[in-house]
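Keep the viewer open and follow along.

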Amino acid sequence: MLQELLLALLGYTGDLIIDEREHQSCLGVNLSPDAPISDERSFKLAPDISFLEPSDRDLIERIVTLGFYYRELDRFAAKSRNLSWIRSANETAASPLTRIVELSNKRSSSVYRRAIANGIIEILSVYRSAVLQIEQKLLSDTLPILNTLTQGLNKFFVLLPPLYELVLEIERDDIRGGQLLNLLHKRCHCGVPELQTSIQRLLWHGHQVMYNQLASWMVYGILQDQHGEFFIRNQEDQDLEHGSSRTDITGKLTRLVTEDTSLTDWHLGFHISLDMLPEYVHMRVAESILFAGKAIRVLRNPSPAFWVKDPLYNQQARRSTQKTEGFTIRLPLQKEPSADANLLGEELLPQSEADKIESMLQDLKEASEFHKRSFECAVDSIRAIAASHLWQLVVVRADLNGHLKALKDYFLLAKGDFFQCFLEESRQLMHLPPRQSTAEADLLVPFQLAAIKTIGEEDKYFSRVSLRMASFGISVKSSQMDQPKATAYMDANLGATLSSASSEMSLDGWDGIALEYSVDWPLQLFFTQEVLSKYLRVFQYLLRLKQTQMELEKSWASVMHQGHTDFAKRRHDRINCSVLQQRRQRFRPMWRVREHMAFLIRNLQFYIQVDVIESQWNLLQERIQNSHDFTELVGFHHEYLSALISQSFLDIGSVSRILDSIMKLCLKFCWSIENQDNNPSTSELEHITEEFNKKSNSLYTILRSSRLAGSQRAPFLRRFLLRLNFNSFFEATARGVLNVVRPSSALPILSQQ
């Protein structure tokens, strides 16, 4: 009976100590090695044993329960350490569509469970050693058997039952990855030193897997996560796991092949899985890990287009030019882009820096316990290294500042001469509604003419700017049409374009004018579509503002020209002198209104261009000079764009609507004056004037409110209000003391003439 008792302690039952489930096998109970962990303690003494006292029987059954725990823990470890899935995965075809099947096969496996199983094997080996020592002691000396067993296995009575409950919960709830680390971390907080030490050892084994995954991700930019257990997840695998259709999966895989993989990975490829994120790892730390890995992927996998254009690469290419027997022979560097890209990748991330990152993770891995502070400090250091080298790539080697200056020139209208020329060349065209079929081609003509007159050959960024009509959605590249052909097109077809335009379309159809900016790798990491859309929003606003200012100036020029013509007629025709003088007096109030419009538009444009754009640009330049962190740089640029939008009132619906109405009224006023000979009625002008006064007073009232003028949201708004209200005119008008529009007699109807 002693031998059978010792064997039962190692999970082997016999005639005296039986497993109740074996007697139930005839009822269909599954006893295969892959069967689930039993939730009922089934090791019992055989019921036909009658020579034992009840107290001894209870004690023996209590002791043999350890054997049941041992067997179930050993079965869990054996199942978790089963590596047969590797052979089946290698035999499976590598077709992308078979990845769904592979993921479902791997779902039952877990590298974290395998690590925990290794820790359980260590604990069970200590238990087996204890049983062996008890056997040797009982065989060498005549000792009370049950007392010796109880005394020798006493610590395992507090150790094996909690471990059994742990693995039972793991298997029942299918706990894997970060969830398993969470469970172990919670179980570590207990009052039993032996149990706490054992679970800490299991957690250490789990952390070894996590550190290996972190090393692969943060040193080489490779995501090693065959079973979907790491808290950094691949978006493609998540789509496959959640059952996306085959068409969607095939389309995404094809798109990943055709597009730049590093850019796709940066924006869409990876994300943080909250389900697998350990609770003791802060979200900020997880985001730093995600950023560091993506940055390493970018640095180790540069775009072929970049390393061909890179100055350092070209310098190496020139050095590879060899002269043999009087002939110049250039080595075919581009035939092996992968090798050259790897060399450049090593240059973008020096091996010494990679070794430094690996050393930090190795120190964490070798620690006996997980220290949260040390872990966070190491992650922050690694993230700083990745961000610094990514900053070097984007700012220095990719000339970020030059592209920022180009966006300021063209999207923020810093090249005022170019847009002034463009608006003048397209002025006659924009007086008519756009034609859907040729609107973009019609705009390209004045666009190219303005470039000929104002853009020099040294401007290497203009070729990246393309013009399009957002409402029509067809992009027209500025370099697609050579400039001589553009001039010929202008001479031959402009008249036909203007004469055949439909008058039924909206007056402001040209508000859809937009610019696109072509960005190469790696600047797409910085200039995302969201960023470029913000630039486009500000551009369309500023272009309309500049067009409004130009139309007001042109109307004044046309009035002065008409005045000089009338003066010449008055000298030669004394008879109609009084009629011309009367006409001049009738239109004088309109010129006063035009001056009020021009005053408001000029001050608004000066405020945006000088107080907002230039001040924010100088602040951005100062921050770029003082920062060497890519993440900080992205944040500074985001603050820069947000300040442009907020201080220009584009994010305040009431103000932006009023400004939009004011610009429309100004343009309508100017075009009505130009057509005054064909439309002599001034009723429309009176309505425009009245609406303008209402809108301008409303604008001033809103801007001078303490909610805007007294906040830090627009620090230079007070200057703008001071320039508007330098003589208290706007304030008095807003209070209703004065009115810009006099009674209807101030603008007599010309039809009475």
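Start at Arg 113, which is buried at a relative accessible area of 10% (buried means under 20% relative accessible area, exposed over 50% and partly exposed in between, using a 1.4 Å probe and protein chains only). Its salt-bridge partner is Asp 174, and the closest N and O atoms of the two are 2.7 Å apart; the term asks for a side-chain nitrogen of Lys or Arg within 4 Å of a carboxyl oxygen of Asp or Glu. Arg 113 sits in helix H6, while Asp 174 belongs to the loop between helix H8 (160–173) and helix H9 (177–187), so to speak a link between distant parts of the chain, 61 residues apart. Asp 174 has 33% relative accessibility and therefore counts as partly exposed. The element names come from DSSP runs, numbered from the N terminus: helices are H or I with at least four residues, strands are E with at least two.

Before going further, a word on the ground rules. This is a predicted model, where local features need pLDDT of at least 70 and side-chain atom pairs count only at pLDDT 80 or more, though totals for chains, interfaces and linings use all residues. Residues are numbered from 1 along each chain as its sequence is written, and side-chain values use heavy atoms, with hydrogens and water left out.

Now to another salt bridge, the one where the side chains of Arg 383 and Asp 629 meet at 3.2 Å, N to O. Arg 383 lies in helix H19 (residues 372–397) and Asp 629 in the loop between helix H26 (577–626) and H27, so this pair ties together parts 246 residues apart in sequence. Both ends are covered: Arg 383 is buried at 17% relative accessibility, and Asp 629 is buried at 12%. Compare that with Glu 595 and Arg 602, whose side chains meet in a salt bridge at 3.3 Å, N to O. Here Glu 595 is partly exposed at 35%, and Arg 602 is partly exposed at 35% as well. The structure holds 25 salt bridges, and Asp 511, Arg 544, Asp 660 and Lys 664 are linked in a network of them.

What does the whole chain look like? Its secondary structure comes to 32 helices and 9 strands, and of its 753 residues, 47% count as buried. Take the contacts (heavy atoms within 4.5 Å) with a separation of 6 or more: residues 24 or more positions apart account for 79% of them.

Go next to the strands. In S7 (residues 465–469), 5 of the 5 residues are buried, so the strand is largely enclosed by the rest of the structure. Val 465, Leu 467 and Met 469 point one way from S7, Ser 466 and Arg 468 the other way, and all are buried. S7 pairs with S9 in the antiparallel sense over 5 bridges, where pairing takes at least two bridges found by DSSP. Val 465 stands opposite Tyr 517, and Ser 466 has Glu 516 as its bridge partner in S9. Strand S9 (residues 513–517) is itself mostly covered, with 4 of its 5 residues buried.

Met 430, in helix H22 (residues 427–430), is buried with a relative accessible area of 4%. Not counting residues up to four places away in sequence, Met 430 touches Phe 422, Leu 423, Leu 443, Trp 510, Ile 513, Gln 547 and Trp 671.

Just after H1, Gly 11 takes a positive phi of about 95 degrees.
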